Amino acid sequence: MGNMLEVKQGEIVFCEGQSGASMYEIVSGKIGLYKKYDTEKQVEINKLEAGANFGEMAIIDEDKRSATAVALEDTKLNEISAEEFDTYIKENPKKFIDMMKNTSARLRRLSSDYYVACGAAKEFVANQESGKPNSKELMNKLKAIAEISNLK
Amino acid sequence: MAALTTCTFKKGEIIFNVGDFERCMYVIDSGVVGIYAFYGTDKEIELTKLEPKRYFGEMGLIESTPRSATAVALADCELLKITEDDFQELLKTAPDVIIDIYKNLNRRVKELSDDYIEVCNDITTYVDLEELYAPSKENLWTKIKKLIEHYDKSSVSNVYVDSQGNAVSVDKL
């Protein structure tokens with residue numbers, strides 16, 4: 001199942017914005033996921049080790065990669081295509097449960113971040129209406145939001 | 001596999017409350033289920049309304065976390081209860097069902113990521129952080145007000161209305 005790949009330290013597996021239709025399982029080595037890789041605004045999203053999967057979002061509907069994946073050391077990968085995905089899951093139920101947990105947790109965090117952002121905007125408007133000064137906490141939230149925005 | 005347990009709920013009955021801890025999800029066989037934040041309070045928000053064949057509560061099951069919203073029977077309901085054991089069993093006997101749940105979760109992540117980035121971009125575009133310290137410009141105020149209307153709409157129609165409805169964390173709103 002899958003196609004074994006070897007990537008050297010520093011090599012890019014896929015780039016943010018590229019279209020892709022496969023996910024990867026790390027057999028050995030380390031992978032870093034970055035937004036705006038190799039620019040001033042580069043942000044590391046995650047560092048993954050042997051046993052972890054990445055790139056599974058693109059499997060769902062062959063969408064563009066949302067981050068750049070780079071080998072942080074010489075790394076062996078198992079590439080699983082969208083066609084192989086269902087079979088892969090049936091053969092690796094434990095791994096699949098982990099993947100589900102990760103996605104579910106991510107969705108939960110994302111919902112929370114989203115509402116924090118909306119809440120900050122609402123509070124800002126309320127302050128405008130009442131002439132109340134903005135709290136330091138609100139300012140910090142808005143600054144954090146501005147940073148997220150720079151990622152795009 | 002063993003048949004799933006059927007649970008019945010009368011119209012108006014609560015299926016689970018936010019904060020409850022039960023490791024199961026439900027598939028609607030008949031009836032309508034409403035998913036709410038702040039249920040029964042003046043801040044109550046209907047997050048989504050689900051009809052037969054739809055499922056809910058899967059995140060609590062997958063992650064073993066307390067319920068993040070309240071589920072209420074909006075009509076007399078018959079629900080199929082999928083426990084953790086059933087879920088493991090389904091993964092062996094009908095993996096496509098579980099794969100479908102997984103794909104839906106990923107879609108929701110993708111959609112919500114886009115919404116989130118959009119909101120952050122909007123805020124950054126309209127809220128000049130320098131101006132925050134002297135927030136008296138009328139022009140800015142008008143723009144933000146417009147933006148907030150957009151959020152209010154999107155938080156009800158785009159985000160809360162996810163396919164299952166229990167993915168929300170509204171306590172920080």
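These legends go with close-up views of a predicted model. Local features need pLDDT of at least 70, side-chain atom pairs count only at pLDDT 80 or more, and totals for chains, interfaces and linings use all residues. Residues are numbered from 1 along each chain as its sequence is written, and chains are lettered from A in the order in which they are written.

**View 1. The largest pocket holds about 1,500 Å³ of space.** A pocket is an open set of points on a 1 Å grid over the protein atoms alone where a 1.4 Å probe fits, with protein on both sides within 12 Å along at least five of seven lines; lining residues have an atom within 4 Å of a point. Among the 39 lining residues, A:Lys35, A:Ile45, A:Ser66, A:Arg106 and B:Ser113 come closest to the centre.

**View 2. Helix H3 of chain A gives the most to this pocket's lining, with 9 residues.** Helices here are DSSP runs of H or I with at least four residues, and strands are E runs of at least two. Helix H3 (95-126) of chain B also supplies at least two residues. By type, the lining has 16 nonpolar, 8 polar and 15 charged residues.

**View 3. Four strands of chain A form an open antiparallel sheet in the order S1-S8-S3-S6.** Strands pair if DSSP finds at least two bridges between them. S1 (3-7) and S6 are edge strands with a single partner each, so one side of each has no neighbour in the sheet. Within S6(A), A:Asn53 is the bridge partner of A:Glu25. Helix H2 (82-91) of chain A packs on the sheet, touching S3, S6 and S8 (contact means heavy atoms within 4.5 Å).

How values were computed:
Side-chain values use heavy atoms; hydrogens and water are left out. Grid points are joined across faces, edges and corners, and a volume is the space filled by probe spheres set on the points. Ala, Val, Leu, Ile, Met, Phe, Trp, Tyr, Cys and Pro count as nonpolar, Asp, Glu, Lys and Arg as charged, and the others, Gly among them, as polar. Axes are lines fitted to C-alpha atoms, for helices over the stretch in contact, and angles run from 0 to 180 degrees between N-to-C directions.
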